[in-house]
Amino acid sequence: MTGPRETRRKNYFFAGSDAGGERAAAIYSLTGSPKLNGLDPEAYLRDVLARIADHPINRIDDLLPWNLASELASLT
């Protein structure tokens with residue numbers, strides 16, 4: 001029996017190319033980081049995409065999951 005980690009590892013063999021594997025890793029990071037910080041990944045990404053156009057580039061760290069966790073948690 002294989003767990004989710006082993007299944008993902010096997011799926012990377014079928015990413016099609018190195019670039020495809022890197023894209024898959026980026027997507028897993030975008031969904032995994034919010035989860036590790038107790039956030040709903042979809043809600044986090046929705047919030048960041050709504051903010052990012054008007055957000056100052058020198059404060060981009062404000063949009064990281066661990067910096068938004070308390071703010072987003074209070075909204076739910």
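In helix α2, G20, G21 and P34 are buried, where buried stands for under 20% relative accessible area, exposed for over 50%, and partly exposed for values in between (1.4 Å probe, protein chains only). The model is a predicted one, in which local features need pLDDT of at least 70 and side-chain atom pairs count only at pLDDT 80 or more, while totals for chains, interfaces and linings use all residues. Residues are numbered from 1 along each chain as its sequence is written, and side-chain values use heavy atoms, with hydrogens and water left out.

The chain has 4 helices and 0 strands, helices (H or I, at least four residues) and strands (E, at least two) being DSSP runs numbered from the N terminus. The order of the elements from the N terminus on is α-α-α-α. The mean pLDDT of the chain is 82, and 78% of its residues reach 70 or more; pLDDT is the predictor's confidence in each residue, from 0 to 100. Among the elements of the chain, α3 has the highest mean pLDDT (94), and helix α1 (residues 4–12) the lowest (57). Where pLDDT is low, the predicted coordinates should not be read in detail.

Of the 76 residues of the chain, 18% count as buried. The chain exposes about 6,000 Å², of which carbon and sulfur atoms supply 57%; accessible areas come from the Shrake-Rupley method with a 1.4 Å probe, and for residues only the protein chains shown count as cover. Among contacts in the chain with a separation of 6 or more, 31% come from residues 24 or more positions apart, a contact being heavy atoms within 4.5 Å.

Helix α2 covers residues 18–36 and holds 19 residues, which at 1.5 Å a residue should span 27 Å; the end C-alpha atoms of α2 are 26 Å apart, in agreement with this value. The expected span of a helix is taken as 1.5 Å times one less than its number of residues. Just after α2, G38 takes a positive phi of about 75°.

The structure holds 4 salt bridges, each defined by a side-chain nitrogen of Lys or Arg within 4 Å of a carboxyl oxygen of Asp or Glu. D47, R51 and E71 are linked in a network of salt bridges. An α-helix has 3.6 residues a turn, so residues three or four places apart point the same way. The side chains of R51 and E71 also meet in a salt bridge, at 2.4 Å, N to O. This pair links distant parts of the chain, with R51 in helix α3 and E71 in helix α4 (residues 65–75), 20 residues apart.

R51 is partly exposed because its relative accessible area is 25%, and E71 is partly exposed with a value of 36%. D47, located in helix α3, counts as buried because its relative accessible area is 17%. Apart from its neighbours within four places in sequence, D47 is in contact with L68 and L72.

A further salt bridge joins D62 and R59, the closest N and O atoms being 2.8 Å apart. D62 is partly exposed, with a relative accessible area of 30%. R59 is also partly exposed, with a relative accessible area of 45%.

On the surface, L49, I52, I57 and I60 form a nonpolar patch with about 410 Å² of accessible area together. Patches are made of residues with over 30% relative accessible area and no salt bridge, like charges being joined within 9 Å and nonpolar side chains (Val, Leu, Ile, Met, Phe, Trp, Tyr) within 5 Å. L49 counts as exposed because its relative accessibility is 64%.

L64 is placed in the loop between α3 and α4. At 29% relative accessibility, L64 counts as partly exposed. L64 and S33 are 31 residues apart in sequence, and their C-alpha atoms are 8.8 Å apart in space.
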